[in-house]
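Please work through the exercises below with the sequence and the model open beside you, and try each task before reading its solution.

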Amino acid sequence: MSTAATDLGPSDSIAVKKAGGIGRSARWTLFALLAPGTAWLLVFIAVPLGFTLAMSVWKSTILGTVPAFQFGNYIEALTTPLYRDLLFKTVRIGVVTTVLSLLTSYPIAYCLAMQSGQRKAVLLLLLFLPFWTSYVVRTFVWLPILGRTGAVNQFLMTLGIIHEPLPWLLYNEGAIYLGLVYVYTLFMTLPIYLAIEKIDPRLIEAAADLGAKPRWVFLRIILPLSWPGVLSGSLMVFLLAVSAYVTPQLLGGPSGIMFSNMIADQFLSNNNWAFGAALSIVLSAVVLLILIVAGRWVGVHQVFAGGRT
Amino acid sequence: MNVAASMPGAAPVGANVPAVTIRGLSKRYGDVPAVSDVNLVIERGEFFSLLGPSGCGKTSLLRIIGGFESLDSGQVLLDGRDVSTVPAYARNTNMIFQNLALFPHMTVLENIAFGLRRKGVGREELGRRVDEAISLVRLQGYQSRMPDQLSGGQRQRVAMARALVNQPSVLLLDEPLGALDLQLRLKMQEDLRSLQRTLGNTFIFVTHDQGEAMAMSDRIAIMNQGRIQQVGTPEEIYENPKNRFVAEFVGHTNLLDGTVRDSSAHGRVNVECRGTIIPCRTETDLADGQPAVVALRYEKLDLAPDNECSSHPVIFAVVSDRTYLGGAVRLHARAANGLTLTGDITDTARVRNIAVGDSVRLTFAADAAVAVADAER
């Protein structure tokens with residue numbers, strides 16, 4: 001607003017009087033414009049988060065969760081080796097899933113962006129198609145594919161390559177990665193695709209014109225310019241993977257217990273809401289810390305600043 | 001910049017080999033021919049323009065020379081070497097794109113050094129050549145700016161430096177001045193021309209602006225519908241258009257349809273247009289009775305002197321429209337036989353009193369009118 005005031009010049013007395021600050025009516029307009037967004041943030045983010053934070057210092061008893069102010073829940077969460085190990089494992093699975101997802105999604109996004117016309121529309125539709133079904137169904141389909149009597153084992157046995165079912169296709173960390181990468185492909189592919197799509201083809205030609213072979217065009221032009229897409233995709237997949245618990249449980253068997261399973265258990269079966277809240281806060285804090293540290297390194301601000309540094 | 005060092009000495013060929021030779025080049029997009037049977041020789045050190053209306057194939061031709069488009073048939077030779085199947089990154093050409101295509105994520109310095117880095121030029125030489133290029137285009141002090149922190153003219157100069165630093169044997173320019181306002185455009189035209197003279201590189205400049213092409217080029221190729229219509233110096237093109245399209249496209253021209261009447265004299269014919277006999281120069285072989293077009297530039301028309309009998313042709317006509325242009329007055333006039341003529345009269349003292357509806361006697365010098373064969377009839 002202050003720039004508007006300067007632009008109007010000295011003839012506009014109101015603007016001059018209020019120059020440097022915000023006029024009364026402007027203040028109301030600003031407030032009105034911000035209100036819906038602020039309300040949304042309050043209702044869906046601040047209130048639940050505040051409530052979780054509050055509950056994490058309460059006490060759960062057999063009679064229910066009662067208000068208190070104590071840090072017993074946190075002490076238990078941070079000192080019990082089980083929870084600590086689970087936290088490390090969850091973060092590790094989140095990181096590995098993100099990396100694997102990036103490695104599979106980037107080529108898909110790149111090929112998609114290089115297509116044109118109807119073929120591109122069809123391929124995009126195919127990419128979206130699985131996501132019209134439920135997340136649980138998409139996870140569940142891997143059981144009849146990878147199970148002992150599943151499609152893969154049947155196929156290999158019919159060909160005579162193996163004589164008894166391979167037992168290691170399911171219920172291990174590999175199966176978790178497979179499931180998570182598959183379930184969240186779209187969240188990685190789409191932002192990268194959009195970022196590559198946005199690159200001016202003349203830049204690629206200019207790089208070639210200046211003597212860059214295709215490999216260098218990719219490394220020096222396409223990859224840096226699609227980096228914001230890579231980051232926002234990675235951010236989403238990492239957050240989703242770290243908080244996942246259905247896919248790991250279904251596909252990982254005994255090794256599929258994630259930190260989120262622990263949290264869910266506190267609320268759904270152990271009736272220890274206060275402890276569940278504390279575990280939630282711990283996970284959120286750790287994820288936030290990782291994002292801050294990793295964000296410094298890879299420039300996450302680009303995601304939010306629209307690719308400008 | 002050291003002129004001797006930046007001469008395209010990289011090409012180990014004799015100085016008499018043309019920079020670019022194009023033989024029988026054709027290119028179609030689906031059913032649409034973009035470039036049809038183009039033959040062209042561009043000498044080393046020439047400032048050569050491809051001029052034509054949009055969609056005439058001039059940009060396609062440029063992109064084929066640069067290696068961005070494949071060709072369907074024919075050959076492109078750079079410094080005598082057939083590069084028809086050589087990819088863009090391996091050709092010793094550099095392009096200045098219409099939108100400049102500066103790398104938005106790199107500084108001015110990184111943009112300019114990009115080509116040399118890809119070629120693996122050593123650190124010391126790279127630094128020296130980049131510095132030279134930067135001072136050549138007067139961008140000292142802007143090395144660490146990002147492209148979006150520069151003005152239009154500065155971006156233009158970065159694009160030039162980025163291309164020229166590689167010492168290309170041919171520099172391709174795809175209407176790079178199109179986005180600039182008139183003042184800056186004129187300034188950049190001058191800059192480009194003097195840069196080309198200093199460096200002695202071959203420039204191939206694509207434009208739809210005839211004024212730009214005229215002002216800058218050693219030679220111009222006029223293109224239409226994928227074909228080259230005429231190649232020549234700006235003067236040749238302007239004074240001796242070879243066909244109706246060139247006559248119409250370059251400058252403001254009266255085009256009068258007629259029939260050849262007297263073709264006995266070499267280089268001169270009479271063309272009858274609606275009963276008026278117009279004496280013309282011609283470079284084409286025209287036979288009696290053949291349809292022809294007379295091209296008569298607006299500015300070649302004048303008002304005939306009042307009293308004396310002139311040896312010049314005179315056409316009686318009635319003014320149907322009058323436009324004041326500053327340096328001249330444009331008169332649209334119609335003769336009794338239906339012949340319409342437009343003339344830019346610079347004799348302001350005499351034209352001042354002429355109004356719409358007045359009768360005028362229009363005249364032109366004996367060698368002002370040019371007759372060309374009418375291929376379209």
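**Exercise 1: the surroundings of a threonine**

Apart from neighbours within four places in sequence, A:T247 touches A:Y135, A:T139, A:G179, A:L180, A:V183 and A:G252, contact being heavy atoms within 4.5 Å. The model is predicted, so local features need pLDDT of at least 70 and side-chain atom pairs count only at pLDDT 80 or more, while totals for chains, interfaces and linings use all residues. Residues are numbered from 1 along each chain as its sequence is written, chains are lettered from A and ligands numbered from 1 in the order in which they are written, and side-chain values use heavy atoms, with hydrogens and water left out.

Task: Determine whether A:T247 is buried or exposed, and in which helix A:T247 lies.

Solution: Begin with the helix, which is α14 (residues 246–252) of chain A, helices being DSSP runs of H or I with at least four residues, and strands runs of E with at least two, numbered from the N terminus. Next, A:T247 counts as buried because its relative accessibility is 0%, where buried means under 20% relative accessible area, exposed over 50% and partly exposed in between, with a 1.4 Å probe and protein chains only. Finally, A:G179 is 68 residues away from A:T247 in sequence, yet their C-alpha atoms are 6.3 Å apart.
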